[in-house]
Amino acid sequence: MMENMDKERIKRIIARAKEIIKKQDGEKFSQATIDAAWTRSGGRCECIRISCGHNGRCNKQLVYENRKEGERGAWEAHHIISKALGGKDEASNCQILCLDCHKKTESYGKHD
Ligand SMILES: [Zn+2]
Ligand SMILES: [Zn+2]
């Protein structure tokens with residue numbers, strides 16, 4: 001009887017550990033999510049943060065090929081709610097941001 005309870009407990013601990021690893025591993029959106037968010041954005045920065053200094057939506061023209069880096073139109077897929085906090089891999093949680101705006105998000109870097 002006791003032995004069975006221990007097994008259940010261990011099973012639960014292992015399942016929890018796997019879940020944590022999966023979360024740490026899965027900081028990226030799937031391609032399908034990014035494409036859906038990109039289509040919604042119209043290829044323009046979706047940032048509406050007043051703190052950035054742009055009036056209303058940023059709307060900077062982005063270049064799809066220049067994700068993460070590029071001379072012109074570089075952008076990032078931003079987690080509105082981070083995966084660590086339970087944010088889902090879906091377009092509603094994915095914001096297309098120009099790099100300037102992305103750098104201003106709370107989750108960016110942390111260093112600096
Ligand atoms: Zn922007
Ligand atoms: Zn912005």
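This is a predicted model: local features need pLDDT of at least 70, side-chain atom pairs count only at pLDDT 80 or more; totals for chains, interfaces and linings use all residues.
Is His79 buried or exposed? His79 has 20 C-beta neighbours inside 10 Å, and the cut-off for burial is 20 or more, so His79 counts as buried.

Ser92 lies 13 residues from His79 along the chain, and the two C-alpha atoms are separated by 9.4 Å.

Now switch to a cartoon view of the whole protein. There are 3 helices and 2 strands, and their order along the sequence is α-α-β-β-α. Colour by burial: of the 112 residues, 20% are buried.

Then show the largest nonpolar core, which has 15 residues. Which of its residues touch the most other members? They are Ala37, Cys45, Trp75, Ile96, Leu97 and Cys98. Colour the elements that each give two or more residues to this core: helix H2 (31–41), strand S1 (75–79), strand S2 (94–98) and helix H3 (99–103). The most comes from S2, with 4 residues. As background, nonpolar side chains in soluble globular proteins tend to be buried together.

Which residues is Cys98 in contact with, leaving aside neighbours within four places in sequence? Select Cys45, Cys58, Lys60, Leu62 and Trp75 to see these contacts.

Notes:
Residues are numbered from 1 along each chain as its sequence is written. Chains are lettered from A and ligands numbered from 1 in the order in which they are written. A residue is buried if 20 or more other C-beta atoms lie within 10 Å of its own, exposed if 12 or fewer, and partly exposed in between; C-beta atoms are placed from the backbone. A nonpolar core is a set of buried Ala, Val, Leu, Ile, Met, Phe, Trp, Tyr and Cys residues joined through C-beta atoms within 7 Å. Two residues are in contact if their C-beta atoms, placed from the backbone, lie within 7 Å.
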